[in-house]
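Student: I would like to learn how to read a fold, one feature at a time. Where do we start?

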Amino acid sequence: MDADWDESIRQLREQATSVVAWWPQRTPFRSSLYNLTRGRIDRRPRYNTTQLPTLDSPWQDTPSGRYFGWRCRQANYRAEEFAFVVEYVVCPHCKIGWVDKPYTIEHLQRRGLAAAGLAALQQEHPGVAWHTGSGHMRTSKAFWAAVGRGVLGSYLPRELCEHVERQGGLKPDWLLRREGLIDQGS
């Protein structure tokens with residue numbers, strides 16, 4: 001590993017909170033159609049992770065290819081190579097966030113990219129307790145202990161709240177009101 005390579009990784013870690021390109025969840029037309037029909041007509045695109053765009057930014061935030069309402073935070077090494085990705089969702093009602101399926105490509109592991117990406121999510125969502133949506137593999141327990149130190153929730157495994165569904169992501173407010181999960185005035 002040369003000094004230029006180490007410098008590039010250091011810059012990528014530092015850019016986690018400042019240089020993030022966002023790709024919207026839905027288009028205005030699809031959002032209107034979904035809300036007007038109360039979810040009966042759902043034409044939201046279903047991307048898988050290989051179909052997600054690579055935005056012109058070191059860090060990007062796009063819809064998850066796996067679950068509706070979930071997002072992917074991704075680091076792009078030298079703008080052409082995927083380096084790190086994690087899926088996440090935040091429940092604004094419970095002030096709980098879940099991260100799932102973090103992955104760093106092998107030759108960039110243990111360089112702080114995952115810690116930088118997770119720290120950026122914490123900074124963007126202050127006061128949120130962070131957990132994982134699935135259990136921890138035996139080999140990853142040390143990782144979760146290290147990145148969870150000092151974090152509200154400590155990335156401990158926790159079931160999703162009633163406002164969030166695994167396949168549906170964060171439920172829309174009208175559905176939460178109908179199910180009695182939030183007040184009618186909210």
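Tutor: Start with a helix, H3. H3 has twelve residues and spans 17 Å from its first C-alpha to its last, close to the 16 Å expected at 1.5 Å a residue. The expected span is 1.5 Å times one less than the number of residues. Helices (H or I, at least four residues) and strands (E, at least two) are DSSP runs, numbered from the N terminus. This is a predicted model: local features need pLDDT of at least 70, side-chain atom pairs count only at pLDDT 80 or more, and totals for chains, interfaces and linings use all residues. Residues are numbered from 1 along each chain as its sequence is written, and side-chain values use heavy atoms, leaving out hydrogens and water.

Student: Which residues of H3 are buried?

Tutor: Buried means under 20% relative accessible area, exposed over 50%, partly exposed in between (1.4 Å probe, protein chains only). In H3 the buried residues are Leu113, Ala114, Ala116, Gly117, Leu118, Ala120 and Leu121.

Student: What is the order of elements in the protein chain?

Tutor: From the N terminus on, the order is α-β-α-β-β-β-β-α-β-α-β-β-β-α. That makes five helices and nine strands. The protein chain has 186 residues, and 42% of them count as buried.

Student: How do I read strand pairing, say for E4 and E5?

Tutor: Two strands pair if DSSP finds at least two bridges between them. E4 (residues 81–91) and E5 (residues 96–104) are antiparallel, with seven bridges. Val85 stands opposite Tyr103 in E5. The two strands form a hairpin with four residues between them, and Lys95 in the turn has a positive phi of about 55°.

Student: How many bridges join E5 to E6?

Tutor: Four, and these strands run parallel; E6 covers residues 129–132. Val99 has Thr132 in E6 as its bridge partner. From E5 the chain passes through H3 (residues 113–124) to E6, a right-handed β-α-β crossover. Right-handed is judged with the strands pointing away from the viewer: the path from the first strand over the helix to the second runs clockwise.

Student: Why does Thr132 count as buried?

Tutor: Thr132 counts as buried because its relative accessibility is 2%. Contact means heavy atoms within 4.5 Å. Not counting residues up to four places away in sequence, Thr132 touches Trp98, Val99, Trp144, Tyr155, Leu156, Pro157 and Arg158.

Student: Trp144 leads me to H4. Which of the residues in H4 are buried?

Tutor: First the general idea. An α-helix has 3.6 residues a turn, so residues three or four places apart point the same way. In H4 (residues 141–148), Trp144, Val147 and Gly148 are buried. Seen down the axis of H4, they fall within an arc of 95°, so they line one face of the helix. The arc is taken from the directions from the helix axis to the C-beta atoms. These buried residues pack against E5, H3 and E6. After H4 comes Gly150, with a positive phi near 80°.

Student: Which faces of E3 are covered?

Tutor: In a regular strand the side chains alternate between the two faces of the sheet. Both faces of E3 are covered: Arg71, Arg73, Ala75 and Tyr77 are buried on one side, and Cys72, Gln74 and Asn76 on the other.

Student: What pairs with E3?

Tutor: E2 (residues 59–63) is antiparallel to E3, with five bridges. There Gln60 has Gln74 as its bridge partner. Seven bridges join E3 to E4, again antiparallel. Arg73 stands opposite Val86 in E4.
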